[in-house]
Amino acid sequence: MRKFLSLCGLLSGVLLACGCASLRLSGSVSGGEYTSAQGNFSVPFPVSPEVGGRVRRDNAESVSFRDNWGSQISFYSAAFNAQSSMTSVLRAQGRAQALEAFAKAEYGDLIVPHYHPEIREGAISFIFLKPVGPKTGVAAFLSGDRIYWVATDLLPGVQLLAQTDEASQRDRETWLENRALSLLQTMKIR
């Protein structure tokens, strides 16, 4: 256990040395884990210090990580109130429809959400194609009166090495959605 704690402390020091020290964080870093400023969630660092993994930016309810290989991973949390459309859809149509309504409002009507009832009491995932830039895998779930989600880009190297046929495109999108779902499950709700 002592070795693990020492390694976590070293990891935090390396992260601070590679760029986090110059960034004024809203949240906090302890033992290789980031905690949001409002304290709603924490996540282990999803990027490696060996390739320049660092917090790129954060605010009270979100954090974005980046590394020198082009990996970008962002975690978000947002509250919704009892009078919101999210609450209305959640009560009338259920979790899947509420998550889909959120996703379409946030990312547009062109996404195709996939519902996963076995993950976090119901989560969705989908691919978002930005007008300019890489494909993004997104996954989201509800907990209490908050929605939590993660967005992760397809690594540039994966894009360059990938084949362009339709089956390969689907395989990469499936991998990216699964990566978003996997990252979503690392979030600790507080």
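Student: How many bridges pair strand 9 and strand 10, and in which sense?

Tutor: This is a predicted model, in which local features need pLDDT of at least 70, side-chain atom pairs count only at pLDDT 80 or more, and totals for chains, interfaces and linings use all residues. Residues are numbered from 1 along each chain as its sequence is written, and side-chain values use heavy atoms, with hydrogens and water left out. Strands (E, at least two residues) and helices (H or I, at least four) are DSSP runs numbered from the N terminus, and two strands pair if DSSP finds at least two bridges between them. For strand 9 and strand 10 the sense is antiparallel, and the number of bridges is 8.

Student: What is the phi of glycine 144 in the turn between strand 9 and strand 10?

Tutor: Strand 9 and strand 10 form a hairpin, with 2 residues between them. Glycine 144 lies in that turn, and its phi is positive, at about 60 degrees.

Student: How many residues of strand 9 are buried?

Tutor: A residue is buried if its relative accessible area is under 20%, exposed if over 50%, and partly exposed in between, using a 1.4 Å probe and protein chains only. In the protein chain, buried residues make up 43% of the 190 residues. Strand 9 is mostly covered, and of its 9 residues the number buried is 8.

Student: Which glycine is in the turn between strand 8 and strand 9?

Tutor: Strand 8 (residues 123-129) pairs with strand 9 in the antiparallel sense over 7 bridges. Phenylalanine 128 has threonine 136 of strand 9 as its bridge partner. The two strands form a hairpin with 5 residues between them, and the residue with a positive phi of about 125 degrees in the turn is glycine 133.

Student: Which residue of strand 10 is the bridge partner of alanine 79?

Tutor: Strand 10 is also joined to strand 6, and these two run antiparallel with 7 bridges. Strand 6 consists of residues 72-79. In strand 10, the partner of alanine 79 is arginine 146.

Student: Which residue of strand 6 stands opposite serine 64?

Tutor: Strand 5 (residues 62-66) pairs with strand 6 over 5 bridges in the antiparallel sense. These strands form a hairpin with 5 residues between them, where glycine 70 in the turn has a positive phi of about 95 degrees. The residue of strand 6 opposite serine 64 is serine 74.

Student: What is the order of the open sheet of 7 strands?

Tutor: Strand 4 joins strand 5 by 5 bridges, and the two run antiparallel. Aspartate 58 has valine 63 of strand 5 as its bridge partner. The pairing throughout this open sheet is antiparallel, and the order is 4-5-6-10-9-8-7.

Student: Which are the edge strands of this sheet?

Tutor: An edge strand pairs on one side only. In this sheet the edge strands are strand 4 (54-59) and strand 7.

Student: Is valine 112 buried or exposed?

Tutor: Valine 112 is placed in the loop between helix 3 and strand 7 (114-116). Leaving aside neighbours within four places in sequence, valine 112 is in contact (heavy atoms within 4.5 Å) with Ser125 and Phe126. Because its relative accessibility is 55%, valine 112 counts as exposed.

Student: How are helix 2 and helix 3 arranged, roughly parallel or roughly antiparallel?

Tutor: Two packed helices are described by the angle between their axes and the distance between the axes. Axes are lines fitted to C-alpha atoms, for helices over the stretch in contact, and angles run from 0 to 180 degrees between N-to-C directions. The axes of helix 2 (residues 85-93) and helix 3 (residues 95-107) come within 7 Å and cross at roughly 150 degrees. Angles under 35 degrees count as roughly parallel, over 145 as roughly antiparallel, 65 to 115 as roughly perpendicular and the rest as oblique, so helix 2 and helix 3 are roughly antiparallel.

Student: Which residues of helix 3 make the contact with helix 2?

Tutor: Helix 2 contributes Met86, Val89, Leu90 and Gln93 to the contact. From helix 3 come Arg95, Gln97, Ala98 and Phe102.
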